[in-house]
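Trainee: I would like to learn how to read a model like this one. Please take me through it feature by feature.

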Amino acid sequence: MQKIIKYVITDILRNKIMLAYTAFLLILSFSIFSLEDSPSKGLLSMLNIVLIIVPLMSIIFSTIYIYNSAEFIELLVSQPLRRKTIWLSLFAGLAGSLSIAFLAGAGIVVLIYEPSITGLMITVTGVFLSVIFSAIAMLAAVTTRDKAKGIGTAILLWLYFSLLFDGLVLFLLFQFSDYPMEKPMILVSLFNPIDLSRILILLKMDISAMMGYTGAIFKDFFGTGTGILISFIVLLLWIVLPVGLSVRKFNNKDL
Amino acid sequence: MKILTLIFCCCYLGSFARILKVGRQQPYASVTAAVAAADNGDTVIVEKGVYFEKNLVIGKSIVLKGIDHPVLDAEKKYENISVRSNGVTIDGFLLQHTGVSSIVDFAAIKIYNSRNVTVINNIINDAFFGIYSQYGIHCLIKNNTLSAKAKNEQESGNGIHCWKSDSMQIIANTISGHRDGIYFEFVTHSVIWRNNSFHNIRYGLHFMFSNEDAYISNIFENNGAGVAVMFSKGVKMFNNYFKENWGDAAYGILLKEINDSYIENNHFEKNTSAIYAEGANRILMKKNVFKNNGWAVKIQASCSEVTLEENNFLENTFDIGTNGSLVLNRFNKNYWDKYEGYDLNKDGEGDIPYRPVSLYSMIAEKNPPVMILFRSFITSLMDKTEKVIPSLTPENLKDDHPLMKPLPL
């Protein structure tokens with residue numbers, strides 16, 4: 001297993017796209033922090049990068065990588081290796097290299113300019129989102145054999161998590177505007193890793209005071225130790241569930 | 001003329017003001033004794049030391065002066081000094097351990113129905129109410145430092161509390177850790193100037209039913225709920241700083257039922273809402289700087305004829321928030337850092353109007369849980385679409401002449 005992970009990681013890290021991604025993050029985060037007059041403003045811009053670009057990059061890159069290494073996977077399957085091991089090592093390699101790219105490109109810069117709990121939170125959620133979206137990509141890639149369909153699904157999933165889901169939440173809030181929706185919203189936010197990460201980061205910034213009563217309820221839940229623990233467990237579930245499902249599918253897949 | 005001079009001289013000779021000294025090696029050992037022996041116009045000088053005077057009542061117009069801040073300690077049972085005469089001066093004391101009661105408003109210095117009282121250069125520590133004026137007229141409260149360690153609103157008093165007073169001058173005091181820094185109720189024709197009010201648990205300045213007052217060049221920082229100005233008219237607020245009032249219900253200034261007032265040249269920085277106006281009429285807000293606030297101005301539809309002119313709006317999350325489509329207020333010649341228009345004729349004013357209300361802030365006002373989507377992709381997308389084709393934001397809430405460059409304020 002270790003050998004396959006090592007091979008996948010070295011293969012990905014040598015990939016020009018991955019290098020470009022790291023360089024892009026690095027330049028972007030450095031310019032954000034040097035352009036904004038205060039580091040807290042810079043953090044807000046970093047928030048957009050973490051919530052939009054990182055998931056997009058992770059999901060698309062992972063899907064394409066899985067499709068492109070179809071022959072490599074077939075070769076591995078012909079060896080005396082368990083399918084589960086192959087698939088998990090592929091995932092570990094992808095998730096590991098994407099996390100390394102994010103840490104090298106954005107995480108370190110954030111921690112240099114803003115070595116606070118907020119900076120740490122952005123870095124940690126960024127790593128989590130990288131891993132979560134490569135896990136979702138594994139699931140998307142294993143369900144269809146057609147490459148175009150698979151990549152399309154991946155993009156749609158990204159669109160769903162970053163845009164459509166929030167649209168649905170907005171719709172729900174308006175439909176049920178006569179009811180106290182603050183507490184149900186906590187539950188709803190657990191169903192989207194991007195929303196969950198955004199709320200976790202925002203509550204670490206002082207702008208949480210702006211969110212009024214809603215913010216106060218959220219702080220009561222997400223601000224406490226148990227709340228943070230629960231949110232990270234949910235984020236972990238967002239990794240474990242798609243990967244587990246995809247392993248089951250891959251085990252029975254006719255290659 | 002000669003006769004007049006003679007009479008004047010006689011009067012003068014007849015009333016020589018004496019100086020009575022209090023201290024360890026002085027004729028008087030306690031302040032109470034010296035005050036009892038003094039006549040109108042005398043000066044009582046108190047030397048350094050700690051005095052337990054219980055409740056010191058001053059019923060004559062005398063000058064009470066402390067050398068090197070002698071301590072008057074009320075043992076947490078009494079009021080330190082009660083002023084019950086006109087023309088009293090209290091200068092240079094350290095007052096501490098005022099009694100706390102839920103029936104009587106004990107204060108370190110309390111002025112009862114008196115005129116021309118001067119309270120200067122005192123340090124007041126751990127008081128219930130700091131300086132309290134009840135039916136005071138023409139009193140001067142200057143250069144005092146008040147600090148307390150209030151924990152909750154029920155068991156704490158206000159720093160400088162004026163009730164039914166007139167022509168008060170509150171100048172250059174520093175107030176922290178009280179319930180309200182400065183509290184005005186039914187106070188008229190007064191001025192609050194160059195005070196510093198911070199870390200109070202409720203309001204930095206609390207102002208009710210007080211007409212024709214001015215507050216100028218004060219700093220209100222980090223108070224529980226900022227500054228509240230309510231049910232008053234003819235209030236002038238100039239050159240003040242309102243800073244870092246962060247919290248669920250914290251405002252730079254809360255304006256409620258305010259009429260015919262002026263808010264000019266103030267600085268608002270890092271407040272949740274810099275100005276929250278409800279039922280405010282005929283108010284001129286001019287040349288203010290709004291920087292780094294959550295909402296710069298929240299102006300409810302119940303306000304009318306509020307004019308915002310020549311203000312700078314910089315780095316606020318939302319510039320203007322409102323709750324209805326009715327707009328009876330005027331926005332003109334402000335600088336908005338979010339303005340994306342152009343200026344073809346180079347007259348310094350943008351050619352297309354600026355609409356400072358974003359769709360998201362409108363929605364959040366109507367349906368607060370929507371704040372859960374704060375800073376998400378969809379809300380910024382919505383705002384951009386709304387900017388191009390306004391549909392939900394009030395059509396008339398706009399600045400027709402937005403400035404291209406910030407004003408030098």
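Trainee: In what order do the elements of chain A run from the N terminus on?

Mentor: Elements are DSSP runs numbered from the N terminus, helices being H or I of at least four residues and strands E of at least two. Chain A reads α-α-α-α-α-α-α-α-α-α-α, with 11 helices and 0 strands. The radius of gyration of chain A is 19 Å, close to the 18 Å of the globule rule for 255 residues, so chain A is as compact as a globular protein of that length. That radius is taken over C-alpha atoms, and the rule is 2.2 Å times the number of residues to the power 0.38. This is a predicted model, in which local features need pLDDT of at least 70 and side-chain atom pairs count only at 80 or more, while totals for chains, interfaces and linings use all residues. Residues are numbered from 1 along each chain as its sequence is written, and chains are lettered from A and ligands numbered from 1 in the order in which they are written.

Trainee: What share of the residues in chain A is buried?

Mentor: A residue is buried if 20 or more other C-beta atoms, placed from the backbone, lie within 10 Å of its own, exposed if 12 or fewer, and partly exposed in between. In chain A, 42% of the 255 residues are buried.

Trainee: How many residues of helix H9 of chain A are buried?

Mentor: In H9(A), 12 of the 12 are buried, so this helix is largely enclosed by the rest of the structure. H9(A) covers residues 193–204 and reaches 17 Å from its first C-alpha to its last, close to the expected 16 Å; the expected span is 1.5 Å times one less than the number of residues. Its buried residues pack against several helices of chain A, including H3 (39–68), H6 (117–143) and H11 (225–251).

Trainee: Is Val77(A) buried, partly exposed or exposed, and why?

Mentor: Val77(A) is partly exposed because it has 15 C-beta neighbours inside 10 Å. Val77(A) lies in helix H4 (residues 70–77) of chain A. Two residues are in contact if their C-beta atoms lie within 7 Å. Leaving aside neighbours within four places in sequence, Val77(A) contacts Arg83(A), Ile86(A) and Leu255(A).

Trainee: How many residues of chain B are in contact with chain A?

Mentor: On chain B, 18 residues touch 27 residues of chain A. The chain B side has 10 nonpolar, 6 polar and 2 charged residues. Here Ala, Val, Leu, Ile, Met, Phe, Trp, Tyr, Cys and Pro count as nonpolar, Asp, Glu, Lys and Arg as charged, and the others, Gly among them, as polar.
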